[in-house]
Amino acid sequence: MSAIILMLLGLGGLALGFVFYSRFIAEKIYQLDPDFRTPAHEFEDGVDYVPTNKVVLWGHHFTSVAGAAPIVGPAVAVIWGWGPAFLWVVIGTIFFAGVHDFGAIWASTRNKAKSMGALTGDVVSARARSIFMIVIFLVLLMVNAVFAVVISNLLIAYPSAVLAVWGTIVVASIIGVVIYQQYTSLPLVTVVGVLSLYLMVGMGPVVPIELPEMVGPLSNSATWILILFAYAFIASMLPVWVLLQPRDYINGIQLFVGLGVMYSAVLIASPTIVAPMVNPDVPSGTPSLIPLLFVTIACGAISGFHGLVASGTTSKQLDRETDARFVGYFGSVGEGTLALAAIIAATAGFATLGEWEAVYASFGAGGVEAFVAGGASIISQGWGMSEEVAATLLAVMACLFAGTTMDTGIRLQRYIFQEWGEIYNQAWMKRSLPATSLAVGACLLLAFGAGGAEGAGGMLIWPLFGTTNQLLAGLTLLVITVILIQKRRPIVYTLVPLIFLLVMTIFALLVQLRTFFEAGDWFLFFVDILVLIAAILVALECSSTLRHHYQAMRSQSR
Amino acid sequence: MPLDRQTIAEWLRKATYVAEEVYSAPYRSAIARAKRDEEDLFMLMVFSEMMGVPNPASYYTLELQPLLLERFHDWHRRMGMEHSPLDHFKCC
């Protein structure tokens, strides 16, 4: 089958979802009011609360939620064949992610733009709020550990990408300083910055940079992981305008360029999907599709991380309440298109079925490297550039996504430690240097604890990361559902995704628990139990809260 | 062609506006907060003498006090003081 059909089906489905389903949700369920005074107007202060143009806000929301996760997840999950991954991405985006992101913005806007954590405390209970904090902490911990492993693997597999990945950091900090000191205007800087990024991509294959196999006692992957965390440590301590701001900006532009190049290449080259629709003989050791598919693809179908962005910064800048539909729902659609591109690259970018099977030889083996290899072959067919340059382009894209997420992730984790210092009255923990050290230390522990001294087995945590992310989404959906009950509106549209997520998450955790037990991997066994406890607490919290509110509503209506 | 040049200039202005919004909107609050922190320190230096903290530069900072008085109320509230800490003139 031609990949163009899959692409049109997927994009068409997402478009229909946005046009019809999101309108239905906006009008009937959330009942958006164009005259509602949003927090951006009510508390306008030029700092946090600033009414912002909806397209700009969408761009910001989309680029903050789209990272490497919607690439890694689908690229791992196509091992079960392209069918299940494709269906879950499209259906998940339309009925789960869109409603979740859109709902998180709406709920926060209607409650003085409070963050999801605070909202959980207000709407559900103080206990739920503590669970929320713990789940956030676990998500950040895993995302940082996993992404460090992802980047390190890519840098080893594609030495041509090393120059551009680290060069971008230099370019970004130059942009940061130039803009901060107001030397010149932004469009000029943008053009120069983006051009130099792609110049480095083009030069990459000429000047590949490789670490030696062993650096002292450490393997090359372990060394890259250490270097990455050292970088993230420094980056998260710097003022945001030096590095984070320009880096996010370039990254956003690069995201649109990457998506455009990828989809246009599919249209021109019309590659054939060699992977089976449902893989009849998955490699031994691959867990069963249900429930693992639903936690392997988290971002791209539904992700709790989006709720944090939606309620943290987006809701404070929403100009009109009706913009929430475009910003939230269309933001998820954007992420769905990225996941779709990853599926196409990882299934249509290979010459034969045998070649594809060789790449997907075991569970977790394909992943982001398969996306880069497959995508590169499609781009080189479509655009006629050398496959090496195309691979460099995609590897750099994935690394930059993962890298910016790490920057932000470590910074957020530092804030959590500082908050704990505040709560438990530990003066030392409130300072940024010890708090950042704790954050980086915890992530390193997880990266090496899961993968041994190699640090390369960190991909084992991927499904665990998915489960934690889904738990977070579950808590957000719970908050939205409770608000809907209080407003006497239909709750099916958020309750069904909520129940589905909780069932799949707990099921997946049990399946994995058994796998880790059989493999004798006690570290991950312990992490799994930790997440499982959090999952059961969330499920109990959901059932008790919903029952309480439901009964209150019934006794009132009598 | 004067008309064309005008359209291009107009287009460029719009592009600059969008680019600047995209660049600054996500970090507006973080940067404004950092700026405010710096200014808070400056306020402390300017008004330190009145709160019993000796300041060798008070000869110069005295001149600034009337200019900064406008921001004084917000500042002492932000610093966790319910009421004005100054004895001689109070804002609240």
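I take buried area as the accessible area (1.4 Å probe) that two parts lose on being put together, summed over both. The model is predicted, so I kept local features only at pLDDT of at least 70 and side-chain atom pairs only at pLDDT 80 or more, while totals for chains, interfaces and linings use all residues. Residues are numbered from 1 along each chain as its sequence is written, chains are lettered from A and ligands numbered from 1 in the order in which they are written, and side-chain values use heavy atoms, with hydrogens and water left out.

Entry 1, the interface. I find about 1700 Å² buried between chain B and chain A, with 69% of it on carbon and sulfur atoms. B:Y23, B:Y27 and B:R28 supply 42% of the area that chain B buries against chain A, more than any other three residues. Counting contacts (heavy atoms within 4.5 Å), I get 16 residues from chain B and 20 residues from chain A.

I looked for salt bridges, meaning a side-chain nitrogen of Lys or Arg within 4 Å of a carboxyl oxygen of Asp or Glu. There is 1 between chain B and chain A. B:R33 and A:D48 form a salt bridge through their side chains, at 2.8 Å from N to O.

I used helices as DSSP runs (H or I, at least four residues), numbered from the N terminus. On the side of chain B that touches chain A, two or more residues each come from α1 (2–24) and α2 (28–47) of chain B. α1(B) gives the most, with 7 residues. By class I count 9 nonpolar, 3 polar and 4 charged residues on that side.

On a 1 Å grid over the protein atoms alone, I took a cavity as a set of points where a 1.4 Å probe fits but cannot get out, with lining residues having an atom within 4 Å of a point. The whole structure has 2 cavities of 30 Å³ or more.

α8 (162–180), α10 (220–237) and α17 (387–423) of chain A each supply at least two lining residues. The lining has 8 nonpolar, 1 polar and 1 charged residues.

α11 (244–269) and α17 of chain A each give two or more residues to the lining, and α11(A) has the largest share, 3 residues.

Conventions:
Ala, Val, Leu, Ile, Met, Phe, Trp, Tyr, Cys and Pro count as nonpolar, Asp, Glu, Lys and Arg as charged, and the others, Gly among them, as polar. On a 1 Å grid over the protein atoms alone, a cavity is a set of points where a 1.4 Å probe fits but cannot get out, and a pocket is an open set with protein on both sides within 12 Å along at least five of seven lines; lining residues have an atom within 4 Å of a point. Grid points are joined across faces, edges and corners, and a volume is the space filled by probe spheres set on the points.
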